[in-house]
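Have the sequence and the model open side by side, and let's start with the rings.

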Amino acid sequence: MKEDKLMVTLDKIYHASFVLKDMIRKTDMIYAPNINKDCDVYLKTENLQVTGSFKVRGAAYKISQLSEEEKKRGVIACSAGNHAQGVALAASKNGIKSLICLPDGAPISKVEATKHYGADICLVEGVYDDAYNRALQLKEEKGYTFVHPFDDDEVIAGQGTIGLEILDQMKDADAVVVPVGGGGLISGVAFAIKALNPDIKVYGVQAQGAPSMFNSVRDNKIEHLDSVSTIADGIAVKEPGENTFEYCKKYVDGIVTVSDDEIAAAILALIEQQKLIAEGAGAVSVAAVMFNKIPVRGKKVVCLVSGGNIDVTILSRVIKRGLLTSGRSYSLTVELIDKPGQLKGVSNIIADLGGNVTSVHHERASENSDINGCYLRIGLETRNFEHVELIKNELIKQGYKLV
């Protein structure tokens with residue numbers, strides 16, 4: 001795929017913006033002062049888009065540009081969930097039949113939502129790439145029109161409308177941070193932004209467990225991952241697109257990765273500070289800025305929160321991980337002499353310093369320690385890591401031994 005083959009134009013993105021205006025929301029830009037104290041963070045809230053994700057933009061624009069003949073044949077798509085809902089909604093609005101191939105591990109909430117928007121579902125064993133192969137097979141067999149989730153110029157142009165909105169809402173942004181799976185979103189956003197204001201930096205973020213675009217751009221060739229593993233199921237893609245790879249090389253200023261723990265902390269921060277629900281894929285941009293993966297000190301930064309379709313069953317686990325990662329919950333083990341008043345002494349110190357004990361486990365020591373020894377395992381609610389250190393230091397100062 002040569003650069004001159006790249007077909008997205010600014011005209012096409014403006015046209016997409018015009019076509020989509022009755023179907024999508026122009027999502028809000030929200031100031032988020034506590035995400036990172038060293039810079040001004042703003043959130044582009046595509047998690048509040050219709051269907052709960054930006055994906056509806058690309059899907060709806062692609063479907064609007066199909067010929068009557070293609071529309072008659074019906075559309076087929078494959079998706080980890082959000083593209084599925086976008087295609088289903090856009091097809092229903094246009095009176096077109098849609099069939100969506102989903103990996104059988106897709107969150108139940110996404111499967112049900114896709115059905116709700118009017119699509120037929122085909123669950124495929126495996127991951128996104130298996131669903132993709134099955135969709136191509138069915139397209140050949142039944143003659144459906146295939147709507148690619150990212151590697152398609154009309155889809156990319158649809159996602160690029162977000163770039164136009166960002167520039168409209170925040171003309172003086174220094175940097176825009178975008179989640180990356182297959183690369184359709186960042187291709188459109190980066191193209192639009194660089195065409196209109198090349199001074200604005202555009203950074204991509206992937207999950208450490210699915211760094212396909214990160215690896216490919218680093219090694220300057222498209223690479224295929226053997227496996228992917230991340231809570232950000234929306235960006236768990238094994239291989240970037242041919243077109244999106246070229247757009248990323250040409251228009252993106254850098255790609256970084258974040259861990260699942262960092263993603264969990266970002267989801268938690270968005271819930272607590274901004275009252276926003278983001279899915280893992282949607283929160284990676286915030287995680288990258290929170291944990292200083294990108295040079296943002298003193299800058300005005302826009303984090304694109306790309307989707308909010310998190311499975312509620314995962315949410316409780318994510319919150320638990322997020323509390324641990326941000327120093328809000330901690331467990332410490334104290335070695336004590338087994339005599340009256342020891343527990344009281346420990347709990348007094350914790351209480352005086354404003355910690356909250358949530359669990360206590362007391363056990364007699366093992367065979368290779370003091371015969372009078374015992375261990376006290378304490379679960380705590382704390383403010384942050386500084387608070388944890390304060391409590392630990394005070395316990396040590398008062399003569400307690402931490403294990």
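**Rings, cores and cavities**

Five aromatic pairs turn up in the structure, where a pair means rings of Phe, Tyr and Trp (its six-membered ring) with centres within 6.5 Å, called stacked when the planes are under 30 degrees apart, edge-to-face when over 60 and tilted for the rest. One of them joins Phe191 and Tyr251, an edge-to-face pair with 5.3 Å from centre to centre and 85° between the planes. This pair ties together distant parts of the chain, since Phe191 sits in helix α8 and Tyr251 in helix α10 (residues 242-251), 60 residues apart. Helices here are DSSP runs (H or I, at least four residues), strands are runs of E with at least two, and both are numbered from the N terminus. Phe191 and Tyr251 are both buried; that word stands for under 20% relative accessible area, with exposed for over 50% and partly exposed in between (1.4 Å probe, protein chains only). Together with Tyr247, Phe191 and Tyr251 make one aromatic cluster.

A word on what you are looking at: this is a predicted model, in which local features need pLDDT of at least 70 and side-chain atom pairs count only at pLDDT 80 or more, while totals for chains, interfaces and linings use all residues. Residues are numbered from 1 along each chain as its sequence is written, and side-chain values use heavy atoms, with hydrogens and water left out.

Now step back to the whole chain. There are 15 helices and 14 strands, and the C-alpha atoms fill a box of roughly 85 × 45 × 40 Å along the principal axes. Of the 403 residues, 56% are buried. Take the contacts (heavy atoms within 4.5 Å) with a separation of 6 or more: 72% of them are between residues 24 or more positions apart.

What about the nonpolar cores? A core is a set of buried Ala, Val, Leu, Ile, Met, Phe, Trp, Tyr and Cys residues joined through side-chain atoms within 4.5 Å. The largest has 60 residues, and Ile63, Val75, Val87, Val176, Val178, Val189 and Val302 have the most contacts inside it. Helix α8 gives the most to this core, with seven residues. Apart from it lies another core of 37 residues, including Ala32, Ile235, Val284 and Val296. For a closer look, pick Val176: beyond its neighbours within four places in sequence, it touches Ile166, Val189, Ile193, Ile200, Lys201, Val202, Tyr203 and Val302.

Ile100 belongs to strand β4 (residues 98-103), and Ile121 to strand β5 (residues 120-124). Ile100 counts as buried because its relative accessible area is 0%, whereas Ile121 is partly exposed because its value is 23%. Among the contacts of Ile100, leaving aside neighbours within four places, are Ala77, Ala84, Val87 and Ile121. Ile121, by that rule, is in contact with Leu99, Ile100, Leu102, Val111, Thr114 and Lys115. From C-alpha to C-alpha, Ile100 is 8.3 Å from Leu123, 23 residues apart in sequence, and Ile121 is 7.8 Å from Val111, ten residues apart.

Rolling a probe the size of a water molecule over the atoms shows where empty space is left. On a 1 Å grid over the protein atoms alone, a cavity is a set of points where a 1.4 Å probe fits but cannot get out, and lining residues have an atom within 4 Å of a point. Grid points are joined across faces, edges and corners, and a volume is the space filled by probe spheres set on the points. How many cavities of 30 Å³ or more are there? The count is two.

Finally, turn to the backbone. Most residues other than glycine have a negative phi. Lys275, though not a glycine, has a positive phi of about 60°, and it lies in the loop between α11 (260-274) and α12 (280-290).

Terms used
On a 1 Å grid over the protein atoms alone, a cavity is a set of points where a 1.4 Å probe fits but cannot get out, and a pocket is an open set with protein on both sides within 12 Å along at least five of seven lines; lining residues have an atom within 4 Å of a point.
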